Amino acid sequence: AGWFRRLLHKPKPSSVESSLNSSSSASSSPSSSSAKSSSSSPSSSLVRSICLSPVSTPDINASGSARWAKSYDVCICHSEVDLELVEELVSYLEAQPESFRCFLQLRDATPGSAVVTELCDAVQNSHCWVMLITPGFLQDPWCKYQMHQALAEAPLANGRTIPVLKDVERKDYPRELRNLYYISMVRKENSFQQIRDTLLRYLQELCRSSTSSTE
């Protein structure tokens, strides 16, 4: 009789297994969910960090901008026979939203000052130099002098010297500038836009480098 009562009260295997399975699943679910959350959290945090830290374009017009360290953004090196074209370029650049500050020799040079002094000061006080290389430029000794001063000021090809070819064949391109890419002035409007973009890119990089070095 005793063994019969024990047989009646013996727990069912299915209930034991189900209880074990439920307990194991209950105990494993937090770890699995935490594993999922822990495994997904780095990627999600990375995405958040990428979204929250976009690359910003420096404001070259800001009051503390490195742009203001020099008196001019660009000096236009040209022959007198190309003055009309240069005046158009200067008007275009100065009318841009950035209001580029251009040095135009016949307009901005100090009356009574020595030509050599003015040319050297124009180079040293400008961030960039546009070399308008025309047949007149190649025949003008003052243009070549100013070109050499600019190359001495910035011998590396860092975007400060901007050669612009007009009515000059590739074989006549000055040997001193052959390590630099040039703008070929075929359509005036397109060339003006390229000059503007090159100036803006250099000034933005200048301001970005200046900001990162002070941080």
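User: In which loop is Ser99 found?

Analyst: This is a predicted model, and every value discussed here is computed from it. Ser99 is found in the loop between α3 and β2.

User: Which value does the phi of Asp167 take, and where is the place of Asp167?

Analyst: Asp167 is a residue other than glycine with a positive phi, near 60°. Its place is in the loop between β4 and β5, the latter covering residues 183-184. Asp167 has a relative accessible area of 62%, so it counts as exposed.

User: Let us turn to helices. Which residues of α5 are buried?

Analyst: The general idea comes from the geometry of the helix. An α-helix has 3.6 residues a turn, so residues three or four places apart point the same way. In α5, the buried residues are Glu118, Leu119, Cys120, Ala122 and Val123.

User: Is Leu89 buried or exposed, and which residues is it in contact with?

Analyst: Leu89 has its place in helix α3, residues 83-94. Its relative accessible area is 5%, which means that it is buried, the cut-off being under 20%. Beyond its neighbours within four places in sequence, Leu89 is in contact with Ile76, Val130, Phe192 and Ile195. Leu89 and Arg196 are 107 residues apart along the chain, and their C-alpha atoms are separated by 9.5 Å.

User: How many aromatic pairs are there, and how are the rings of Tyr72 and Phe103 placed?

Analyst: To read such a pair, one considers the distance between the ring centres and the angle between the ring planes. The count comes to four aromatic pairs. For Tyr72 and Phe103, the ring centres are 5.2 Å apart and the planes stand at 80°, so this pair is edge-to-face. Tyr72 belongs to strand β1, residues 72-77, and Phe103 to strand β2, residues 102-103, so the pair ties together parts that are 31 residues apart in sequence. Phe103 is buried, with a relative accessible area of 5%.

User: How are the rings of Tyr173 and Tyr182 placed?

Analyst: Their centres are 4.9 Å apart and their planes are at 50°, so this pair is tilted. Tyr173 is buried, at a relative accessible area of 1%, whereas Tyr182 is partly exposed, at 31%.

User: How many disulfides does the structure hold?

Analyst: A disulfide is a covalent bond between the sulfur atoms of two cysteines. The structure holds zero disulfides.

User: What volume does the largest pocket have, and which residues lie nearest its centre?

Analyst: Rolling a probe the size of a water molecule over the atoms shows where empty space is left. The largest pocket has a volume of about 410 Å³. Of the 23 residues that line it, Asn158, Gly159, Arg160, Thr161 and Thr198 lie nearest its centre. Two or more lining residues come from each of β4 (161-165) and α8 (188-214). Helix α8 gives the most, with seven residues. The lining divides into 12 nonpolar, seven polar and four charged residues.

User: How much space lies in the second largest pocket, and which residues are closest to its centre?

Analyst: About 240 Å³ of space lies in the second largest pocket. It is lined by 15 residues, and Glu80, Gln105, Val115, Leu119 and Trp142 are the closest to its centre. The elements giving two or more residues to this lining are α4 (105-108), α5 (115-124) and α7 (141-153). Seven of the lining residues are nonpolar, five are polar and three are charged.

Methods
Residues numbered from 1 in each chain as written. Predicted model: local features only at pLDDT ≥ 70, side-chain atom pairs only at ≥ 80, totals over all residues. Heavy atoms only, no water. 1 Å grid on protein atoms, 1.4 Å probe; cavity = no way out; pocket = protein on both sides within 12 Å on 5 of 7 lines; lining within 4 Å. Points joined across faces, edges and corners; volume = space filled by probe spheres on them. Helix = DSSP H or I, 4+ residues; strand = E, 2+ residues; numbered from the N terminus. Nonpolar A, V, L, I, M, F, W, Y, C, P; charged D, E, K, R; others polar. Buried < 20%, exposed > 50% of the residue type's maximum accessible area, 1.4 Å probe, protein only. Contact = heavy atoms within 4.5 Å. Phe/Tyr/Trp six-rings, centres within 6.5 Å; stacked < 30°, edge-to-face > 60°. Disulfide = S-S within 2.5 Å.
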